[in-house]
Amino acid sequence: MTALETSVWTTVCRVDDLAPERGAAALLGADQVALFRLLDGRVLAVQQHDPFSDAYVISRGIVGSRSVDGVEVPTVASPMYKQVFDLTTGRCLDVAGKTPARGLPADLRTWPVRVRDDLVEVGS
Amino acid sequence: MTQHLVVVGGGMVAQRLVEALRDRDTAGTWRITVLAEEPRRPYDRVALTSYFSGRDADDLALGDPELWSDPLVTLVRDDAVTHIDRDAKTVTTAHGRTEHYDHLVLATGSSAWVPPMEGTDLPGVFVYRTVDDVAELRGYVEKLSEDRVVKGAVLGGGLLGLEAAGALQALGAKTTVLQVGTHLMSAQVDLGGGEALRRLINQLGVGVRLNAMTTRIRPHRRGGVGRLDLADGGRVDADVVVIAAGVRPRDELGRSSGLAIGERGGIVVDDTCLTSDLDISAVGEVACIQGATIGLVAPGYAMAEITADRLLGGTSSFPGADTATKLKLSGVDVASFGDAFGETPGALEIVWADPVGGVYKKLVMSDDARTLLGGVLVGDASAYASLRPMLGRELPGDPAAFLLPEGGGGAPELELPDDAAVCSCNNVSAGTIRGAVTDHACTDLGAVKACTKAGTSCGSCLPLVKKLVTTELAAQGIEVSTALCEHFALSRAQLYDAVRVSGVSSFTQVIERFGTRADGRGCDICKPTVASILATTSPAHVLEGERATLQDTNDHVMANLQKDGSYSVVPRIAGGEVTPEGLIAIGEVAKDFGLYTKITGGQRIDMFGARIDQLPLIWQRLVDAGFESGHAYGKSLRTVKSCVGSTWCRFGVQDSVALAVMLELRYRGLRSPHKIKLGVSGCARECAEARGKDVGVIATDKGWNVYVGGNGGFTPRHAQLLAEDLDTETLVRTIDRFLLYYVRTADRLQRTAPWIEDVEGGLDGVRAVVMEDSLGIAADLDEQMAQHVVEYEDEWRATLEDPEKLRRFASFVNAPDTPDPSLAYVPERGQSRPATAEERDGASPTPHHEPVLVAGARLEVRS
């Protein structure tokens, strides 16, 4: 939904600034974004805000994968209450018995990411 | 209209009655007053002997203590009932209390019978009936032991006499049991069994004299008891005498109020436990039911259940007493059940005796050798749990197979009928246990115990309960998956072994070799588990290479994540011992970084509100001041709590602080399935609360006692005794092996208490592995722990020395100097706390509060 309208790409860091299979937080204007570098070189971005704990912590979760309809999708588990999110879509795959805080949506917002000349750029 | 039930007596059966009635009387039709003579709540009299080793009267507590907070239940302690007015339907107590009853239950139990002879009133002569008896006996023996080896004599070689002898022996007294009859435990065991039993008792160092009738107890010239005169002219020297010659029902209230009394005492009741006055019941040892009083708790419980049922309009009645017994004396295995003496006409006895091995077993069978009528098991009672429920039923195959030593013949698997009683303490049948699995969806032993109460009293049936549950789960096709997660079909223990044996040392290798899918990349369950396994099989820094990707955020930044996304910091304070300089250093760090400080339960200091980017700065200061990581964030050793010990304490017998510091430094950083806590107390007063820990060490004047499997939390547990009077070297080796056996074989997030329950053979099984090396892995465990001790390094110091690792602590990858703007704190009681959502939104504070200052992280702390 965001990819079509991307008009601005912001350079955030070098690829090597991101450890494989771990997240890092980045500031994009007023937004906090969680960046994840996968083993295959892909970099994905979701919101840093965890809707279930209402804290800015998603980048500190454990990266993994889950089989969804036979497809292995990359995931992150919130470090706070262990909800699992699809890193490619932001969809919450497992609410772990909780509901989001303050009536927030359970799914995470995503941002398009591209890597050019070893630089990570996030679109908005 | 609420009716009033008055219960006279506060023993085990009274407790069961109240429990059963409150359990079922959901409408609250009865309020209950219990009038107890003893100054304490009902306790487990059967386990009285354990008071010697457990050393804590609270350990004998029965059932849920909440029962006594029930508004419909009143417990009056230390006030004996002296009079019953059956016309007015009132009882009067020694303290002058009068209670009107709608129904009265007499549960006064029995008292120790003291034979009429000279000298029973001398100091040093005891009975063995209440906690106070046992406490006085203990005090007396301990006092005498100060200047000599105490000689003890027990009059009576029955169940209670042998327990008393074991207790005296445990106190260091040289003890002789005097039995009037021809053999020990003559009420339960035949002559052959009695002879085998005598040899086992002798092996404990306890003397046995048979056909020994005591005629007189003579004083010593120093005062107190001195010797016993026997009918055959013999004499026995004794500094302390325990009379365990039998019990007599406490039926005096029944007699004085004119109730029918049995020929040999006891208040006569019918099969519904009603006395000759239909407004009065009698239950337990005071009741003369089906012509006899019964000195066992299980029939008493049955009477309590019947009475509760009848009070609520039920129709149950007494089925006949289950007189099966099992002696609980360490090192001596005795069980007797059913027709142990073969008194049924035509009964056949099948006997297996091995005098060398100290084993005697007998089964009593019907005249066609098919139906089990009873049995005696001495020296090896392992078949008791499975045979007893088969009473009155056909045994499959050759009955002799059940008597042969393990591996000798192979007894057929017993398929218990649904109505077979498995737990006689709580009257739970095999069918009820199966039903817990089929109808109540219980999938493990703990759930079945909670659901049915089976095995929650004496615990002797637990192996059988576990077997039934496992079999039933399998029969239901309920696969209890032990798979770790979708990425591993193995359990944690299986994966641990696989990793250890194969020697693989990275997650990628582990998931490629043992994972379910080639392209899986793990999850928040298997990754930290593999990290924990690798930490003890191939030790490396938590942030080393790929290891860093496996860690939970706590291990990844070596601090504890808090609700707002900030972290807390806990430096190690080994054994709770800290210098004034250390305290000042911690205080200055907390002050400079604006951290909230709190003392932890593990005797150290927690500093809250640290931002991720502050952690390296905070730790540089702490490391410079001589501190190291406290691993409060890890599934690993947390702390070894200690009392101040013999260095300062007037009562301490050993230096508990020195041992605690040594243990904490030995096991620091040891990654495990769950957190591990230890405690060391310098004397039996147990100020370090060591028995609430996974491993608790308590000083004795001979060395250390070690207890295992204690924890606080949702299901609090007291640790159980693993070994006694160990020297320090043996103690450390024992703890080494215990911890690593746990690390290797426990499930993920399984603490030591449930793990011990899961180990084959329970605590005894753990003891066999740790103390007797039954698996032949002790040398391996010792070596693994030695490696752990050598390779330990402070992971925070190592992190501070490595710029690559420090990059992980940036707040934002593109703005490492900008603190997280979302963090906000407000002052409270002189410190700061996270702002609530309302405070953050700038909403007006609640009216009864002072207006609050909402401050961003940058204002509150030095960055």
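Tutor: Start at B:Cys683. Leaving out residues up to four places away in sequence, B:Cys683 touches B:Phe651, B:Gly652, B:Val653 and B:Ala699. Touching, or contact, means that the C-beta atoms of two residues, placed from the backbone, lie within 7 Å. This is a predicted model: local features need pLDDT of at least 70, side-chain atom pairs count only at pLDDT 80 or more, and totals for chains, interfaces and linings use all residues. Residues are numbered from 1 along each chain as its sequence is written, while chains are lettered from A and ligands numbered from 1 in the order in which they are written.

B:Cys683 lies in the loop between β33 and β34 of chain B. Helices (H or I, at least four residues) and strands (E, at least two) are DSSP runs, numbered from the N terminus. B:Cys683 has 20 C-beta neighbours inside 10 Å, so B:Cys683 counts as buried. The cut-offs: 20 or more other C-beta atoms within 10 Å is buried, 12 or fewer is exposed, and in between is partly exposed, with C-beta atoms placed from the backbone.

Now look at B:Cys649. The loop between β32 and α18 of chain B holds B:Cys649. B:Cys649 counts as partly exposed because 16 C-beta neighbours lie inside 10 Å. B:Cys649 touches B:Cys643, B:Val644 and B:Gly682, again not counting residues up to four places away in sequence.

An unreviewed UniProt entry places the feature "binding site" at B:Cys643, B:Cys649, B:Cys683 and B:Cys687. The four positions span 45 residues in sequence, yet no two of their C-alpha atoms are more than 10.9 Å apart, so they gather at one spot. A caution: UniProt positions are given in the numbering used here, feature names are shortened, and annotations may be inferred rather than shown by experiment.

Next comes the sheet. Five strands of chain B form an open sheet in the order β32-β33-β34-β35-β36, with mixed pairing. Two strands pair if DSSP finds at least two bridges between them. At the edges are β32 (637-642) and β36 (720-726) of chain B, each pairing on one side only. From one strand to the next, the twist averages 15 degrees. Such angles run from 0 to 180 degrees between N-to-C directions, and axes are lines fitted to C-alpha atoms, for helices over the stretch in contact.

Take one pair of strands. Strand β33 (residues 676-681) and strand β34 (residues 695-700), both of chain B, pair in the parallel sense over four bridges. B:Val680 has B:Val697 in β34(B) as its bridge partner. Strands of a sheet pair through backbone hydrogen bonds, either parallel or antiparallel.

A helix packs on this sheet. Helix α18 (residues 656-667) of chain B touches β32, β33 and β34 of chain B. The direction of α18 makes about 175 degrees with that of β32(B).

Step back to the whole chain. Chain B comes to 26 helices and 39 strands. Of the 863 residues in chain B, 45% are buried. Among contacts in chain B with a separation of 6 or more, 62% are between residues 24 or more positions apart.
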